[in-house]
Amino acid sequence: MEKYNVKLMYRSQEKKRHIELIKDKFFGNDKGYGYFGKDEKRYNFVLEDGINNLYEPIRNEALKYFKGNDIEWWGGNPDYPTGHTVSSQIACLNHLMFLRQKPTEVMELINGLERVEFIKVFPVPCDADISYIAFEAISDKSYLNEPEHIRGSYCTSIDALIYAEDINNEKWIILIEWKYTEAYGDSSKDDKSLEDYEWCMEEHGKGRERMRRYNGLITKSQQLKSLENYESSAYYFEPFYQLMRQTLWAEQMVKNKATERIKADHYLHIHVIPKDNVDLLQKTYKFSNQNMEVTWRNMLNEQSKYIIIDPQELMSPIKSRYPELYNYLKTRYYDK
């Protein structure tokens, strides 16, 4: 019997904490009970105005950044931040947006990973202004056979991307995939290789299209292990489906550096997950009989390229330099 399969313990806990923060005026005068979802129901953990979901010093900058880079927001309105208080996109921005034009601090964050010694960070070329952290980043060209190529939707994009140089003058892309309260199932309905189109049920058309898109790239990948049969494998269940596509994306960026504006020789794949999210980290998947980290590491050839880190640990290098930011994050995300 699975120990942690109990109605998303962590998500429930974080929603309750945010309801209390709303009551304590942490979000100003926003009283919650905002609309969310296709049915536009009101929920007590959803803010009425999504702008209050962002750390106050980044609000105008975040709106300008998303508009200036043609990025769609997650949630019901692609043009405006969601009021959903446990959104991982909002969590990522609240942690990193304040630092995006501060190269010294960005370098401190990635050197805090203690995997590679970096000496310099570069502005990420995909952004409209000077930015040392790009959000919802995509490549210049599409390499994963995906039909759309839009930042933030319908294609493989990276929650946050950093471009840096190491002590050997080699260039790296650091991909950051940000999780907050996410957790995923492993039943047949969660299998993306078996998914149907609504107009053609029981033929797994959407799943077959996905496998046509990615299987050949997985087989050629140096990092991902090839399988005799990809159908219903870890690669087609979340969160591994995202990780698979991002790994392929990073490999293609390195392979095609001659024609990409980002000229990368190597990559690191950073998976930010709160250590208390047992729903994600400690779930035992039926197809692997292992937890999330072990399941994914069993699909990788070079373990050093993949790092799981708690957000509080990631942000620890800038704790003393920006106490107001850190205290906001601590109150909102870390305190229990």
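**Entry 1. Helix H1**

I began with the buried residues of H1 and listed Tyr-10, Glu-14, Arg-17, His-18, Ile-19, Leu-21 and Ile-22. Buried here means under 20% relative accessible area, exposed means over 50%, and partly exposed is in between, with a 1.4 Å probe and protein chains only. The model is a predicted one, in which local features need pLDDT of at least 70 and side-chain atom pairs count only at pLDDT 80 or more, while totals for chains, interfaces and linings use all residues. Residues are numbered from 1 along each chain as its sequence is written, and side-chain values use heavy atoms, with hydrogens and water left out.

I took helices (H or I, at least four residues) and strands (E, at least two) as DSSP runs numbered from the N terminus. I then looked up what the buried residues of H1 pack against, and found helix H7 (278-281) and helix H10 (323-334). Contact means heavy atoms within 4.5 Å.

I checked the length of H1 next. Lys-25 follows H1 and has a positive phi, near 65°.

**Entry 2. Helix H3**

I counted nine buried residues among the nine of H3, so this helix is largely enclosed by the rest of the structure. The buried set includes Ser-88, Gln-89, Cys-92, Asn-94 and His-95. At the N-terminal end of H3 I found Ser-87 as a cap, with a side-chain oxygen 3.2 Å from the backbone nitrogen of Gln-89. A polar contact is a pair of N or O atoms within 3.5 Å; within protein, one must be able to donate a hydrogen and the other to accept it, and residues adjacent in sequence count only if both atoms are side-chain atoms.

**Entry 3. The largest pocket**

I looked up the volume of the largest pocket and noted about 1,600 Å³. Of its 43 lining residues, Trp-74, Gly-152, Glu-238, Gln-242 and Arg-245 are the closest to the centre. On a 1 Å grid over the protein atoms alone, a pocket is an open set of points where a 1.4 Å probe fits, with protein on both sides within 12 Å along at least five of seven lines; lining residues have an atom within 4 Å of a point. Grid points are joined across faces, edges and corners, and the volume is the space filled by probe spheres set on the points.

Which elements each supply at least two residues of the lining? I found helix H1 (9-23), helix H3 (88-96), strand E6 (171-178), helix H5 (205-220) and helix H6 (240-255). H5 gives the most, with five residues. By class I recorded 13 nonpolar, 12 polar and 18 charged residues in the lining. Ala, Val, Leu, Ile, Met, Phe, Trp, Tyr, Cys and Pro count as nonpolar, Asp, Glu, Lys and Arg as charged, and the others, Gly among them, as polar.

**Entry 4. Backbone exceptions**

Most residues other than glycine have a negative phi, and most peptide bonds are trans. I noted a cis peptide bond between Glu-238 and Pro-239, with omega about 5°. Pro-239 lies in the loop between H5 and H6.

Asp-70 has a positive phi of about 55° and sits in the loop between helix H2 (59-68) and H3. I found Asp-70 exposed, at 62% relative accessible area. Asn-145 also has a positive phi, near 65°, in the loop between strand E4 (134-137) and strand E5 (158-166). Asn-145 is partly exposed, at 49%.

I placed Leu-99 in the loop between H3 and helix H4 (103-111), where it is buried at 0% relative accessible area. Leu-99 and Leu-325 are 226 residues apart along the chain, with their C-alpha atoms separated by 9.9 Å. Beyond four places in sequence, the contacts of Leu-99 include Val-106, Ile-133, Met-315 and Leu-325.

Ile-262 is in the loop between H6 and strand E7 (266-272) and is buried at 4%. Leaving out residues up to four places away, I found Ile-262 touching, among others, Val-124, Leu-161, Tyr-163 and Met-253.

Pro-317 lies in the loop between helix H9 (311-315) and H10 and counts as partly exposed at 30%. Its C-alpha atom is 6.2 Å from that of Glu-108, 209 residues away in sequence. Neighbours within four places aside, Pro-317 is in contact with Glu-108, Leu-109 and Gly-112.
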